[in-house]
Amino acid sequence: MNLKEKINSKIFHTVGEAADEMGRQAYVVGGYVRDLIIGRHSKDIDFVTVGSGIELAQAVATKLGRGTHLAVYRNYGTAQVKRGETELEFVGARRESYHRESRNPIVEDGTLDDDLSRRDFTINALAISVNADTFGDVIDKFNGISDMDKRIIRTPLDPDITFSDDPLRMMRAIRFATQLQFDIHPETFEAIRRNASRIEIITAERIATELFKIMASPKPSIGWQLLLDSGLLTIILPELAKMKGIDVVHGRGHKDNFKHTMQVLDAVAQRSDKIYLRWAALFHDIGKPVTKHYDPQRGWTFHQHNFVGAKMVKSIFRRMKFPLGAEMRYVAKLVELHMRPIALVEDVVTDSAVRRLANYAEEDLEDLMILARADITSKDEAKKARFLQNFDLVEEKFRTTHAKDLERCRKNPVDGTEIMALFGLKQGPEVGFFAKNLKEAIKECTIEDNREAAFEYLISIGRQAGFEPLYNPLETQEREE
């Protein structure tokens, strides 16, 4: 593989020239090299030099000139050079050692071999020289290119040591396997199983970062299945792990809710890249293990699992340090409502039923319907097709009902001047109160869309609020007719 041509651009030659002038070795390393080989786009480029990474970064920034931003992080021995959308990270080659109770390493200066050996996986332990005399030469000490060809994730060194030293690497192994759709080497995966409990020393924020990257992958179920099989899921999200399995009583069993959830999640991921819609798919049945009950007549039931699940979403978001604002409310809302569209297609689809669901879902109606469609995972293809056809009818009903509502709301049958005359009011908030309530009553189909019904409604709510009409508008209307 000729990587020399792939890095034959000004930025790499500039770094190489700066390193040569300082008498240093410099290499492109890690994820950028991996992505270069497998054809993924990456704008962040990591460089390692044998010596001070900060000094090399300063020299490169000087060479690149105006429009270049340099940031130095002396506590970490790193520096960043940013030019346009490209970010260059510089660090000196290092070796690391760990204390068991912490994933923060003791860092010392090292050789290139030391630096590559400390990296998490063989596919990330690659380097390409940018020095002039060796420009484009590949250093592949651990056969990372071969592992990429075989689509394998494995550690450069003993996986038990790798994962015990830095347990977050277990999450990263699963994340890379999900993003790249690679397999984790059996020995590496067994080491994850053996060291799963070590994940407890990792902060919720760091775990959340990896989970969100798994969720953003084309097929996120790969990651969640690996988390379950490795034992990590039981520690990180026990509520989800409890969904796995089938209970049987008197020969009657329920479906495997974890497997079903994975099918729903992937179906949603095919239709939408909205991360929090994907989280709603993952959690839509999270309340089922809590509400599961066997009834001798009806079999397995999960009454109110959507309401219980919505409450569980909130507690999970807090524990996992996920955003607690609009994102959490959105996921909880979809979990609570996910049964409503299915109930709707099983009943007579009336304007009022459709309108009630639309009012509950509001701007999230389209996302709710994506989730509801994905939730139909029956093996009975005829039944599945029938449900999906009914969803088509429901969505058409949403459109026609919305059009009707727009027409009904365009103008109240009784205007503000008539409201003021009816109750002897001057322009002000009281008139707005009557007009707003009348508009809502018509939109909700609480009353008919005509003047007679409107006046009756206005008089009714007026008396409840302490306003007596000055005349009977219905008698006046009859005389005019």
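Predicted model: local features only at pLDDT ≥ 70, side-chain atom pairs only at ≥ 80, totals over all residues.
## Briefing: a buried helix, a pocket and a spread-out fold

Residues are numbered from 1 along each chain as its sequence is written, and side-chain values use heavy atoms, leaving out hydrogens and water.

**Overall build**
- The protein has 25 helices and 15 strands, taken as DSSP runs (H or I over at least four residues for helices, E over at least two for strands) and numbered from the N terminus.
- Its radius of gyration, taken over C-alpha atoms, is 31 Å, well over the 23 Å that the globule rule (2.2 Å times the number of residues to the power 0.38) gives for 481 residues, so the protein is more spread out than a compact globule.
- The C-alpha trace spans about 105 × 70 × 40 Å along its principal axes.
- Of the 481 residues, 49% are buried.

**Second largest pocket**
- A pocket here is an open set of points on a 1 Å grid over the protein atoms alone, where a 1.4 Å probe fits and protein lies on both sides within 12 Å along at least five of seven lines.
- This one has a volume of about 1200 Å³, meaning the space filled by probe spheres set on the points, which are joined across faces, edges and corners.
- Its lining (residues with an atom within 4 Å of a point) takes in 41 residues, and K255, H260, K288, D375 and T377 lie nearest the centre.
- Elements giving two or more residues to that lining include helix 16 (305-319), helix 20 (365-374) and helix 21 (381-409).
- Helix 13 gives the most, with six residues.
- By type, the lining divides into 13 nonpolar, 15 polar and 13 charged residues; Ala, Val, Leu, Ile, Met, Phe, Trp, Tyr, Cys and Pro count as nonpolar, Asp, Glu, Lys and Arg as charged, and the others, Gly among them, as polar.

**T122**
- You'll find T122 in the loop between helix 4 (112-117) and strand 8 (127-129).
- T122 counts as buried because its relative accessibility is 0%.
- Setting aside neighbours within four places in sequence, T122 is in contact (heavy atoms within 4.5 Å) with F142, G144, D147, R154, T155 and P156.

How values were computed:
Buried < 20%, exposed > 50% of the residue type's maximum accessible area, 1.4 Å probe, protein only.
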